[in-house]
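Please look over the following structure and read along slowly, keeping the sequence beside the 3D view.

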Amino acid sequence: MTYYGLYALQHRGQEAAGIAVSDGSGVVVYKDLGLVSQVFDEPTLASLRGHIAIGHARYSTTGGSNWENAQPTLRSTAAGEDRGGTTIALAHNGNLVNTAELARRVAELGERDQMNSTNDTALVTALLAARPDLSVEAAALDVLPTLRGAFSFVFMDEDTLYAARDVNGVRPLVLGRLERGWVVASETAALDIVGASVVREIEPGELIAIDEHGLRSSRFGTPDPKGCLFEYVYLARPDTTIVGRNVHAARVAIGRTLAKEHPVEADMVIPVPESGTPAAIGYATESGIPFGHGLVKNAYVGRTFIQPSQTIRQLGIRLKLNPLRDNVRGKRLVVVDDSVVRGNTQRAIVRMLREAGAVEVHVRISSPPVKWPCFYGIDFATRAELLANGLDLEGIRRSIGADSLGYVSLPGLIAATEQPANRLCSACFDGQYPIELPTDNVIGKHVLEGVARAAGAAPTTTDGGAVSVAASPGGSGALLRP
């Protein structure tokens, strides 16, 4: 079940995958670099026996893209005075901004030397395991308030499943119900895949625990919702629902707004598949220009945006998309895409369409210009790499080679989500960071590898998607045991 849940969340991370499982007597983890389907096969899954499991699909965050940083992380506590040792496995979606501070705390506790990982997830696991005198639940209520940044956690010990979400609820996390158990996942689409019904979102600042006695909820902080606006633009699956708003419907509404804000005379509206398709439908509907297909996507190529290196991204664009020459030849095209980050994709697409015979290429973007890096879980790299940071609209248009260029306005995007602006994080568009960044500027992907960067230039990425399952009792990858 966890495997299928991860399959549904593969779009959130393509670098590594892992599953931890408990049968009540011990916790084991199997993880490796690669896609979910590459890491797991039937014999591997058959060896993972138990009634509690958590899983993770990684898109590298703090720490490099290597096996040691694959998740879930695993850590054992020393035996407490009145109880035996406990094993904790944890998976994380998001990015913490006080990683350097947490690393110092772990070092002071004498735990740092035992860590092979160089990511913020491993630090949190070490802090939870450093309190053998407390239950895992009590340790979590002690540790979680000290974390700053975005986190949606699923974690477990031998007999209990836990889930927690930061007080701002930046990354999504939802609770689902099985006939004989519970599921927690990054998106409602994963609940659909495993046949679970949606119960509700995990609330910002909430910790839930699920064991043989059922579900219980605790609060470790005061909610101040700041959901990620870019989830609606690109990250989430279109069949996911966020705060009651279907993502596909939101993207269609964005397209309609885009057509109102940036009309143009053209013969056909085409999407950049797949993430640009709903907005293109909305643009065509509102403008009256026929919707059509001008680009074919290779279904076996992953999301170039979340590839770990610039070279792979650039090569991936040509592998991923190819023009339908007969459809675009001699046409004035409106090309709808979800965002412009580095500009590589749009530049290549405009060139391909012109080579295929398009007479005009008008680019429309269903998000505002991305001008600021994200420190809460999206790979918006350094400000220097963001095309919109150093260029105005005309400069970006010339850079990508389009005949015209239009971005949806920030108010237009927010309206399409049907959420109040004060409950959303739009920092990548307006530079207003809702979670305070470190004053010492010690932040960045490689901060635990001795390569700290200034906050204004730090690359950050998300830790992908997470899914966990608690059912009522009754390769070169490695199987980890405490």
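In which loop is the place of E274? E274 is in the loop between β16 (268-271) and α10 (277-287), where helices (H or I, at least four residues) and strands (E, at least two) are DSSP runs, numbered from the N terminus.

Before going further, note that this is a predicted model, in which local features need pLDDT of at least 70 and side-chain atom pairs count only at pLDDT 80 or more, while totals for chains, interfaces and linings use all residues. Residues are numbered from 1 along each chain as its sequence is written, and side-chain values use heavy atoms, with hydrogens and water left out.

**Backbone features**

Most residues other than glycine have a negative phi, and most peptide bonds are trans. The table lists exceptions in this model.

| Site | Feature | Value |
|---|---|---|
| Q71 and P72 | cis peptide bond | omega about 5 degrees |
| P273 and E274 | cis peptide bond | omega about -5 degrees |
| V243 | positive phi, not a glycine | phi about 50 degrees |
| E418 | positive phi, not a glycine | phi about 60 degrees |

P72 is found in the loop between β3 (52-58) and β4 (73-76). V243 belongs to the loop between β14 (241-242) and β15 (245-246), and E418 to the loop between α16 (410-417) and β22 (424-425).

**The annotated cysteines**

An unreviewed UniProt entry places the feature "binding site" at C228, C374, C425 and C428; UniProt positions are given in the numbering used here, feature names are shortened, and annotations may be inferred rather than shown by experiment. These residues are spread over 201 residues of sequence, yet they cluster in space, with a largest C-alpha distance of 10.2 Å. The lining of the largest cavity includes C228, C374, C425 and C428. Here a cavity is, on a 1 Å grid over the protein atoms alone, a set of points where a 1.4 Å probe fits but cannot get out, and lining residues have an atom within 4 Å of a point.

C228 lies in strand β13 (residues 227-228), and it counts as buried because its relative accessibility is 8%. Leaving aside residues up to four places away in sequence, C228 touches V170, R171, I378 and C425, where contact means heavy atoms within 4.5 Å. C428 sits in helix α17 (residues 427-430) and, at 8% relative accessibility, counts as buried.

Key: On a 1 Å grid over the protein atoms alone, a cavity is a set of points where a 1.4 Å probe fits but cannot get out, and a pocket is an open set with protein on both sides within 12 Å along at least five of seven lines; lining residues have an atom within 4 Å of a point. Buried means under 20% relative accessible area, exposed over 50%, partly exposed in between (1.4 Å probe, protein chains only).
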